[in-house]
Amino acid sequence: MDYLCNFYGSDKAEYWQEGKGHGYTKYYTEELEYKKDKAINILEIGSFSGASAAAFSKYFPMSKIFCLDINITNFRYKSKSIDVYGLDINNINEILKFFKKIGLSNHQQYFDIIIDDGSHKLDDMLFSFNFFFKY
């Protein structure tokens, strides 16, 4: 996982193109290895260029990845397993439209993994966690 994040340019790697990264990949590998060969749904909130989504699509080859970002003009990675949606994560109406588009009904458990790397404001993170946890 670390190699893939580094390769695609995700700051989630221990080291990436711009230097020291966050090193989240060691936790992803430890905690999520058992899902590697399963058909899973991943929600990534705050996808920026899609580098980590590209890494996830290679690491979890049977996955479907849903990327949400307020600005999708930076997104550069395309794949059949990656769907990109431009929306404001604090706008419940936009989220409900996204749910409808992917066929998700209210309070249905749908995502196997949710990565929130969107807004780094505490209020936004708490909203995101409280809203999406049930899914």
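A: We start with burial. A residue is buried under 20% relative accessible area, exposed over 50%, and partly exposed in between (1.4 Å probe, protein chains only). The model is predicted: local features need pLDDT of at least 70, side-chain atom pairs count only at pLDDT 80 or more, and totals for chains, interfaces and linings use all residues. Numbering runs from 1 along each chain as its sequence is written, and side-chain values use heavy atoms, with hydrogens and water left out.

Q: Why is S52 called buried?
A: Its relative accessible area is 4%. Buried means under 20%, so S52 qualifies. S52 lies in helix α3. Helices (H or I, at least four residues) and strands (E, at least two) are DSSP runs, numbered from the N terminus.

Q: Which residues does S52 touch, leaving out those up to four places away in sequence?
A: S52 touches S10, K12 and E44. Contact means heavy atoms within 4.5 Å.

Q: What makes α3 a largely enclosed helix?
A: Eight of its nine residues are buried, so the rest of the structure largely encloses α3. The buried ones are A51, S52, A53, A54, A55, F56, S57 and Y59. They pack against α1, α2, β3, β4, β5 and β6.

Q: What makes a set of residues a nonpolar core?
A: The members must be buried Ala, Val, Leu, Ile, Met, Phe, Trp, Tyr or Cys residues, joined through side-chain atoms within 4.5 Å. The largest such core here has 23 residues. Those with the most contacts inside it are M1, Y8, I42, F56, F60, I65 and I113. Two or more residues come from each of α1 (2-8), α2 (25-32), α3 (51-59), β4 (64-69) and β6 (113-116). α3 gives the most, with six residues. A second, separate core has 16 residues, including F66, L68, L104 and F131.

Q: Which residues does M1 contact, leaving aside neighbours within four places in sequence?
A: M1 is in contact with T25, Y28, T29, A55, F56 and Y59.

Q: How do you know that the buried residues of α4 line one face?
A: First, the residues: I95, F98, F99 and I102 are buried in α4. Seen down the axis, they fall within an arc of 100°, so they line one face of α4. The arc is that of the directions from the helix axis to the C-beta atoms. On the other side of α4, N93, K97, K100 and K101 are exposed. The cover over the buried residues of α4 includes β3, β4, β5 and α5.

Q: What pattern of helix turns lies behind this?
A: An α-helix has 3.6 residues a turn, so residues three or four places apart point the same way.

Q: Which residues of helix α5 are buried?
A: In α5 (residues 122-132), D124, S128, F131 and F132 are buried. Their arc around the axis is only 80°, which puts them on the same side of α5. The face turned away carries the exposed residues L122, D123 and N130. The buried side of α5 packs against β3, β4, α4 (92-102) and β6.

Q: Why is F133 called exposed?
A: F133 has 62% relative accessibility. Exposed means over 50%, so F133 passes. F133 lies in the segment after α5.

Q: Why is I70 called exposed?
A: I70 has 64% relative accessibility, over 50%, so the label holds. I70 sits in the loop between β4 and β5 (82-86). Not counting residues up to four places away in sequence, I70 touches L87 and D88.

Q: What is the backbone phi of F48?
A: F48 has a positive phi of about 45°, although it is not a glycine. F48 lies in the loop between β3 and α3. F48 is exposed, because its relative accessible area of 52% is over 50%.

Q: What makes a space a pocket?
A: On a 1 Å grid over the protein atoms alone, a pocket is an open set of points with protein on both sides within 12 Å along at least five of seven lines. A cavity is instead a set where a 1.4 Å probe fits but cannot get out. Lining residues have an atom within 4 Å of a point.

Q: How many residues line the largest pocket?
A: The lining has 30 residues, of which G46, S47, F48, D69 and D117 lie nearest the centre. β3 (41-45), α3 and β4 each give two or more residues to this lining. The lining divides into eight nonpolar, 13 polar and nine charged residues. Ala, Val, Leu, Ile, Met, Phe, Trp, Tyr, Cys and Pro count as nonpolar, Asp, Glu, Lys and Arg as charged, and the others, Gly among them, as polar.
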